[in-house]
Amino acid sequence: MTRPSQPLCRGCGQSINGYYLSALGAAWHPEHFVCATCHQPINNTQVNVREGKPYHTQCYRDRFDPRCAYCHKPITTQYYTHNGASYHLECYQEHIGPRCQYCHKPILGQYYTHEGAFYHSECYRDHVVPRCAYCGKPLMSEYLVDHWGTKYCKEHQGQYPTCAFCGRLVPPQQQDPQSSEHVRCPICRASAVESLPQARAIFQGLMQQLNAQGLQFNNIPLQIELVDRARLAQLLNGRSGVDALGVTTHSTHMLNGQVVRTEVNGIAVLRGLPSTLFRGVCVHELGHAWLTLQGIRGLPSWAEEGFCESCLSYWKLLRHIAEELADGTTMMQA
Ligand SMILES: [Zn+2]
Ligand SMILES: [Zn+2]
Ligand SMILES: [Zn+2]
Ligand SMILES: [Zn+2]
Ligand SMILES: [Zn+2]
Ligand SMILES: [Zn+2]
Ligand SMILES: [Zn+2]
């Protein structure tokens, strides 16, 4: 018997006797109100509906919740999207996301990139970023690099004086307390020629090298002298400009107001020059000494200076070649 008041089940279309469910605007036999995924009855109060179809909560999640592109399990809580894919936060951090090149741990949030690698801000600041050679601060933004690769804060330029010999900045703590004549950096100071024995040893070595290259000094005992600026100016006697660092010393023999003989005594070089510069000045001055010993006089000064500079260039070239050979092979002794 079917009474007109009896509702029809939306699932099977038959009339319902007894209990029925009311859902999605219709009545259902409890056993006919089934999940669109697993086709089992949904008999609790939790129904998930999508496009008019009912689902168990779990079946709904399995079917419609986003899945992690790494572990393929559904994502139900917070997740992370990257290149259009979704990830569990943990899956992303552990397997997909950037890792710090320094500590190798995953990076969450802010990071730094440097030469194609990622870093935690702190790892970058404390371990990667170069530090100012003068004040030690991490160089996080713009900084300067000198000719020798020294990196430093921009503000030190103009704040510190430069080394009179090499041009490096010299911060106050590196300045030479003894030297008032010129600002000298610690590197130039370390190799400075300050004592006569030191100067003599270098000078003798240079004479031998030049002798070997054909600049003969006829075994005349040339002297090396280290002088201060005042004495040097006196010896220069107005010649060669104020910046000259060395001078060839002569004694002139006069007779009745006429020069009868000029003898080369040796050379005088400003005390405290870095050894590279000291050598250069010596070689240049030995060029002058050689001309005098050869009796070559009266050259225009551009010719004489040009000759001395050529000696220096030639000597530098030879030394450079010797260094290269010494680096690469054991075949030659400089
Ligand atoms: Zn039914
Ligand atoms: Zn189901
Ligand atoms: Zn996952
Ligand atoms: Zn790190
Ligand atoms: Zn600095
Ligand atoms: Zn210097
Ligand atoms: Zn000269």
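Trainee: Hi! Before we zoom in, how many helices and strands does the protein chain have?

Mentor: Hello! There are eight helices and 15 strands in this predicted model.

Trainee: And what radius of gyration does the protein chain have, against a compact globule of 334 residues?

Mentor: The chain comes out at 45 Å, while a compact globule with 334 residues would be near 20 Å. Along the principal axes, the C-alpha atoms fill a box of roughly 160 × 45 × 35 Å.

Trainee: What percentage of the residues is buried?

Mentor: Buried residues are 22% of the 334. As for contacts with a separation of 6 or more, 28% of them involve residues 24 or more positions apart.

Trainee: Which domains does the assignment give?

Mentor: The domain assignment lists domain 1 (21-64), domain 2 (143-190) and domain 3 (192-328). Between the C-alpha centres of domain 1 and domain 2 there are 81 Å.

Trainee: Okay, cores next. Which residues have the most contacts inside the largest nonpolar core?

Mentor: Ile 267, Val 269, Leu 273, Phe 278, Cys 282 and Leu 286 do, in a core of 38 residues. Several elements supply at least two residues each, including strand 14 (258-270), helix 5 (196-212) and helix 8 (301-328).

Trainee: Which helix gives the largest share?

Mentor: Helix 7, with nine residues of this core.

Trainee: Then where does this core lie relative to domain 2 and domain 3?

Mentor: This core lies between them, because domain 2 (143-190) and domain 3 (192-328) both give residues to it.

Trainee: Let me pick Leu 286. What is it in contact with, leaving aside neighbours within four places in sequence?

Mentor: Leu 286 is in contact with Leu 206, Leu 210, Leu 215 and Ile 267. There is also another core of nine residues, lying apart from the one with 38 residues. Among its members are Leu 21, Phe 33, Ile 42 and Tyr 60.

Trainee: How many bridges join strand 5 to strand 6?

Mentor: Four, and the two strands, residues 79-82 and residues 85-88, run antiparallel. Thr 81 stands opposite Ser 86 there. The hairpin has two residues between the strands, and Asn 83 takes a positive phi near 50 degrees.

Trainee: Last one: where is Cys 9 found?

Mentor: Cys 9 is in the segment before strand 1 (21-23). Cys 9 counts as partly exposed, because it has 19 C-beta neighbours inside 10 Å. From Cys 9 to Ala 26 the C-alpha distance is 7.6 Å, with a sequence separation of 17 residues.

Trainee: What else does Cys 9 contact, beyond four places in sequence?

Mentor: Its contacts there are Gln 14, Ile 16, Ala 27, Trp 28, His 29 and His 32.

Definitions and conventions: Residues are numbered from 1 along each chain as its sequence is written. Chains are lettered from A and ligands numbered from 1 in the order in which they are written. This is a predicted model: local features need pLDDT of at least 70, side-chain atom pairs count only at pLDDT 80 or more; totals for chains, interfaces and linings use all residues. A residue is buried if 20 or more other C-beta atoms lie within 10 Å of its own, exposed if 12 or fewer, and partly exposed in between; C-beta atoms are placed from the backbone. Two residues are in contact if their C-beta atoms, placed from the backbone, lie within 7 Å. Domain bounds come from an automatic or database domain assignment. A nonpolar core is a set of buried Ala, Val, Leu, Ile, Met, Phe, Trp, Tyr and Cys residues joined through C-beta atoms within 7 Å. The radius of gyration is taken over C-alpha atoms; the globule rule is 2.2 Å times the number of residues to the power 0.38. Two strands pair if DSSP finds at least two bridges between them.
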